[in-house]
Structure formats: structure tokens, C-alpha cells
Amino acid sequence: MALSTKYKISRLDRLYDDERGYDFIGHTKRWYAITAALLIGAIAAILIRGFTLSLDFEGGTTLSMPAGDLKEDEVAAVFEDSTGVEPEQVRIVGAGDSETLEITSQRLSQKEVDSARSAIYEEFQPKDENGKATPDAIGSSTVSESWGSSITQRMILAMVVFLVAATIYVAVRLQKIMAFAAILALIIDGIVIAGIYALFGFEVSPAVIIGLLTVLTFSIYDSVIVFDKVNENTSGLEGQRSKTYGELANLAINQTVMRSISTSIISALPIIALFVIAVWLMGIGTLRDLALIQLIGVVEGIFSSIFLATPLVVTFANKTKNVRQHTQRVLDYRAGKSEESEMTEGGSAKRKVVTPSDAGIGTRNEVVEGQSDHGSSASGRTGATWRPGR
């Protein structure tokens, strides 16, 4: 009794099979449409709502104290009465024992800060971490506008240096069109992330800029992984007629998609843990800003590296002469055509394209027939081919 063994291919393994993998490149127009919609929404949010800049960029004064039983409106009223300045924002952040009330306003003089601290202490008696009521429980910080301007200039310089360095690396390591696609995808990533911050009113701080540079690095890392596989699959492209450049690029995405997703998930887990700790346990601050931008960037980076960067490479490659000609040869080959196919112009006769085996048989037949005719005309008998030993 014969035994038959059937091997089941998992859905994940099918991604590595170009016949069963998902056609990412075939849906390029869909990804471009989604990207265009995200860009339009992000730009609209930036123009309409603008950014909520932190104290480090705008300059100003912040007073902070343990929240306890304090009410935002009551503290805001005391602050305004004591300084004559209306607070820009009063909020309670954190959770449990880490709850903190923060007052943000325009830049105050040291005299105004001392006046506000004294008035708030006399009215509410805030307690420090030891449970003791003291004026020292009310902290203050002041940032000048010039320092905020300097930070902004350094932020822009850091972004430009990063983009230039990334472009040079990808162009040298892989291909020029890949470098252009990677940078274009990075710029789109930055605009979309900026739009999210503008839309939801998330505060932009120096920690956010640091986090943004980090997630853009993650994004280009994922793109380079896919590009490297595309480069490997398309090497020797001109020497074959079975697959087009786009199909080989699509195979590369399928071969690396699980690696990209797994890397992003693993990266997101500690970020989520950091975000939970920063928001619910330690209150608002640098950790919260850093975790939030990285979490948004990791999710955006998955879309960018898989659904945008590689389709851009294929789009740019298809505009080059060599790739267009190769694609046409592949399509002609699949349609049963050949470079030695039918010649119909000028009334020329059609030529038959035969396989090597057919050609060999035809040649042997012609030799035998030629010799037979020659032998018959010369001696009146059938000719024979020569063989070794005869």
C-alpha cells in the first residue's frame, strides 16, 4: 500500500512564494491614493490648527505642584489675581500619587513668580512628597524666547543633516532611485506625523524632535531591508525573461514583510510600556513625549516601508529605458512571441521558430536527404552516413 505525504504550507510561508504572495506592487495606485489622502489631511491640520509648542520652543514660565485636592479653575484664578497675567494652560497630569498640577503662562519675572507661589501656598497649602505643607512644594521653571529660537534652529539643522546623510548612504549602498524613494518616503512620514500632532494638539517638545529622528531612522532601516532584497532579486535582470522588475520587487516585499512587521512589533512593546509608565505613573514629561512620538512613528514606518517606499522604487525604475525594454520582452515572451518571430513587413516569408531538439532532428534529416540525393545522382544507389568503425 503506497503512502502519500502531503505538506501543508502555512499562510506565512506563502508570502515567500511569488505565486501565492500578496500583490503589493499590483495595488500601487491604492497605496498612492491612501498616501495622498493622508498628506492632504496632515497639511490641512498643520495649516488650520498649527502646533502646540512646548515651553522650550516658545519661552515662558511653568509652575508645578502636587495636585492633591486642587481644582484647575480655582488655582488659575489665584494665579491671575496675584500676577495680573492670565495663564495659558492649567492642567492635572499623571495618576495616583504622581498627579501634578501645572500652570503655563507667558514669561514672568522672578518677582511675579514669587508672588504667585506665595498666593497659591497661602490659599491651598500644597504638600510635598513627604506630606508636609511648604512653599517649596511649588516648583517653577522659566525659559527665554531666545533659547527657544535657538532650539528651533538646531532642530531644523539636525533634520537636514539626517536627510542628507541618509540619502548619501542609500545611494552609495544600493541604487540612486532607491535613495530618492527612501528620502521621499521619509519626508512623507515626517509630514504625516506632524499632521497627527497638529490634529490632536499633542505638545511638540525637544524630546519629540529626538523621538522623530529615531523613528525616521527605524523607517529607513525597514526600507533598506526591503531595498536590499529588491537589489538581490533584480541582479541579472537582463539575463532572464520570466519576471519583470515589478514582480521581482513584489517578491522582495513578500520575503521581508514578516521581518519588518516582527521588528516593528518588538520595537513597539517597550515603547508602549514606557508610554504607560510615563503617563499613568510618572505624569507628563520627557518620557511621555519620547514614547508617544516613537509609538506613532513605528506604526507609520510599517506603512511607509512596505506600502510606499518599494512601490516608489518600481515607479521610478519603470521610467528608465532598460527596465521598460525588459518588461516588454517579458510580456512578448509570455505571449509566445520571440525576437525571431514572424516577419510580416515587405511580404517576407514567415520563419518558424523551433526548439534545439527540433533543429537537431531537422539538420540530421537534411544531411541524410542531401547525401541520398547526391548518391543517387552519382551512382544510382542509396547513400549512407559514415560511422566510426565502418
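In these legends, two rings of Phe, Tyr or Trp (its six-membered ring) are called a pair if their centres lie within 6.5 Å, and every view is taken from a predicted model.

**View 1. A cluster of aromatic rings that includes W31.** Pairs between rings join Y22, F24, W31, F303 and F307 into a cluster.

**View 2. Y197 and F202 as an aromatic pair.** Across the whole structure, a search finds 7 aromatic pairs. One of them is formed by Y197 and F202, whose arrangement is edge-to-face, with 5.4 Å from centre to centre and 75 degrees between the planes. Y197 is buried because its relative accessible area is 3%, which is under 20%, whereas F202, with a relative accessible area of 27%, counts as partly exposed.

**View 3. The largest nonpolar core.** This core has 53 residues, and those that touch the most other members are M178, Y197, F227 and Y245. At least two residues of the core come from each of helix 2 (28–48), helix 6, helix 7 (176–200), helix 8 (206–233), helix 9 (245–281) and helix 10 (286–317). The helix that gives the most to this core is helix 10, with 13 residues.

**View 4. A nonpolar patch on the surface.** The side chains of I156, V160, V164, I168 and V172 make up a nonpolar patch on the surface, and together these residues have about 470 Å² of accessible area. I168, one of the patch residues, is found in helix 6, which spans residues 145–173.

Terms used
Residues numbered from 1 in each chain as written. Predicted model: local features only at pLDDT ≥ 70, side-chain atom pairs only at ≥ 80, totals over all residues. Heavy atoms only, no water. Patch = residues over 30% accessible without salt bridge, like charges linked within 9 Å, V, L, I, M, F, W, Y side chains within 5 Å. Areas by Shrake-Rupley, 256 points an atom, 1.4 Å probe, with all protein chains shown as cover. Salt bridge = Lys/Arg side-chain N within 4 Å of Asp/Glu carboxyl O. Helix = DSSP H or I, 4+ residues; strand = E, 2+ residues; numbered from the N terminus. Phe/Tyr/Trp six-rings, centres within 6.5 Å; stacked < 30°, edge-to-face > 60°. Buried < 20%, exposed > 50% of the residue type's maximum accessible area, 1.4 Å probe, protein only. Core = buried A, V, L, I, M, F, W, Y, C linked by side-chain atoms within 4.5 Å.
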